[in-house]
Each structure stands twice: as C-alpha cells, then as structure tokens.
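Please look at the sequence and the model below before reading on. The text then walks through two parts of the fold.

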Amino acid sequence: MTAHPTASASVSDASSALADTTEPRLQALSHWLSSGGAPFSLDLANWAPASSDASFRRYFRIGSHDPAHPSLIVMDAPPPQEDCHPFVHVAGLLDEAGLQAPKVLAADLSQGFLLLTDLGRETYLDVLTDDNARPLMRAALDALIVWQKSSRPNVLPAYDTALLQRELDLFPDWYVDRHLKVDLSETQRATLERTNQLLIESALAQPKVFVHRDYMPRNLMPGLPGTPGPGILDFQDAVYGPLTYDVISLMRDAFLSWDEARQLDWLAYYWERARKAGLPVDADFGEFYRQAEWMGLQRHLKVLGIFARINYRDGKPRYLADTPRFIEYARKVADRYAPLRPLAKLLDELTGQQVDVGYTF
C-alpha cells in the first residue's frame, strides 16, 4: 500500500467564536445557527474547520450542549456554485437503505447551509494499514452492495452518454491542453475519440444501479461505536449508472495504491457477494473484471482533467501531485486490452512513461 502523505484533511483546534468572524458567509452562517435556523443547543464559541474539499463546500465541527449530539457538522455550500438539494436527497436514500451517513438535522437550502450529525474525525484514509485493510475494505464492499441493492430507476440523474462524454472531455481540455500545454495531432485526437467511444459503450452496456461516484477511502469512515459502518460521505453527486463504477473507484483511489493481487482478492469478494445478493454482475469474472477496468479507465481520464482544472481554475494545486498515480492506472489498463492499446501509446507520447502491465484477461 502506498499513500499520499498529506491526503487526509487536517482539523484545526477550536477557533475564536463564530459570532466574532468578519467573513460575510460565516456571519450569515452564525446568524442562521443562532436565530432558530437550527434548533439545537449549539456552542458557537466551540467551532473549527472539519475538513478540506476540492469543491467550494466547507465543513465545520461545532460544539453542542445536547447530550445526543455533543458535536455537529455544519456544511457551507455557497450558491450558485453548490446546490444542497442533491445532498439532502441522497442522504435520505442512504438512510432508507440502512446505511450510515450524516443525517440532515436542519437546512437553509437557499443560503446553502446544512446542520449534520457528526460521524467522527477519522476516515478510512486516516486509519487504513496493511493489517486492517482486508476487514475495512470488505466492510466497504458489503455496504456498497446494500447501496446497490436499494437502487431503482428514475430516482437519481442518469449516468448517460452526455455526462460520460463531458467527463472524458476534461482530459484533453484541462490535463493535455492546459497542464501539459500539448496540441494533439489529428491522429492523437482520433485515438482519444475512439477510446472514448469504446469506454462509453462499455459503461452504458452494464446493468444500472445507484452510483456514489466518489466511493473511496477519503469518503468512508470506520463508524462510531455501536453504529453500522462504514460511514459514507461526499455522496451529493450520486447518479444511476454502471454497476462497476463504485467498486473500481474503491480499488483505484486518488490517494492510495494497492498491489494488483490484493485488488483482485477484493474484486472477487465483491463479485461473489454481489451475485449471492442478486445483483446483476456478469456471471463470468473475467468479463466483470474487464467491465470494471474499462469503467475505471473512464474515471482515471476524468480525474486527470479534474485535478488539472482544480489547480488552474480554482487555485488548489495539491491535487496535481497525484496525477502520476492516475497516469499509471490508465496506462496499465490501456496496455492490457488490444482495443485500448492506441491510448497506451498516446499516454507514452504525452508523458514519456511506461509501466509494467501485470495481470491480463
């Protein structure tokens, strides 16, 4: 296992009283919390940043005199950059499925403020080790199966051709053009377009389930004592789409890398448990693995574009440090399958890197 040394979000000590802030958003938040917008016995002098985020959302941990909620989480999601409605909707779906996710205790959707239950301070990313990885990852896979079993159509947005293509366009627009400053040749663009077509066709051919869309250790929590784990975070972008998306996201994370033997073990565990649960996974493990790999490749290309965009558009450069991880993921998958090998050649041309292929199916 290898990890980004600064992947976990830091949590500062309690800051000065929220009411003393001069920042307009926080002043509005303080007014909402203290004026009946949130009917809890809050301690506005006991608050601190709870996590960092790649989006415009911010989270704060705030004290409470309520014994049932000694601390709570406040989300600040400024409109129009963020919309809290999907978060509230998906939180309800997770709760209906019997999974552990922050409960929405109070909301002002017009201002972009939510008061949430606090699931603790540690994520999987903080606690995963070689010794505990197997039980923790299996627990995450078991929870994923429960989430997928609760799926039904016309509840979440469709992960359709248009969305898949928009995501794939992030790679040439932001990573290649803006970050690498490379103008693709006609041949290179044709390679990318053909690869995108194959990946979209493969994704759309899969059975459809609820898709978290960022199901990775940073967004999972070991869970509080006496509660079903893991806790699930950052689910507001959930959609209805390809069955393999979340499982491969968990295996090939932005901040952790696992050896392929371990990935295969976990994927086989998921495949066997999903089949027993009645999920429509492919009866052939080799074909299931191919579907997962191709789905993962779509995500890898998307994430490369997103990390570049976060740097150049949003001024958050730290995510660029993890782009080599995704180049390696993408290069390995592309070289494993004959239809995708032109992409492997293109990645070599763009980065000058080559990697060992590993398992082949």
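What follows covers a sheet with the helix lying across it, and then a pair of packed helices. The model is a predicted one.

Start with the sheet. Strands of a sheet pair through backbone hydrogen bonds, in either a parallel or an antiparallel manner. Here five strands form an open sheet in the order E2-E3-E4-E6-E5, and the pairing is antiparallel. Strand E2 (42-51) and strand E5 (104-108) are the edge strands; each has a single partner strand, so one side of each has no neighbour in the sheet. On average, neighbouring strands of this sheet are turned by 25° against each other, with direction ignored.

Within the sheet, strand E3 (residues 58-64) and strand E4 (residues 71-76) run antiparallel and are joined by six bridges. Gly 63 is placed opposite Ser 71 of E4. Helix H1 (residues 24-34) lies across E2, E3, E4, E5 and strand E6 (113-117), and runs at about 60° to E6.

Now turn to the helix pair. Two packed helices are described by the angle between their axes and by the distance between those axes. For helix H10 (residues 323-336) and helix H11 (residues 341-351), the angle is about 145° and the axes are 7 Å apart. The crossing of H10 past H11 is left-handed. On the H10 side, the contact is made by Ile 327, Ala 330, Arg 331, Ala 334, Asp 335 and Arg 336. H11 contributes Arg 341, Leu 343, Ala 344, Leu 347, Asp 348 and Thr 351. Sorted by class, the contact of H10 with H11 has six nonpolar, five charged and one polar residue.

Note on methods. Residues numbered from 1 in each chain as written. Predicted model: local features only at pLDDT ≥ 70, side-chain atom pairs only at ≥ 80, totals over all residues. Heavy atoms only, no water. Axes fitted to C-alpha atoms, helices over the stretch in contact; angles between N-to-C directions. Helix = DSSP H or I, 4+ residues; strand = E, 2+ residues; numbered from the N terminus. Left-handed = near helix turned anticlockwise from the far one by under 90°. Contact = heavy atoms within 4.5 Å. Nonpolar A, V, L, I, M, F, W, Y, C, P; charged D, E, K, R; others polar. Pairing = 2+ DSSP bridges.
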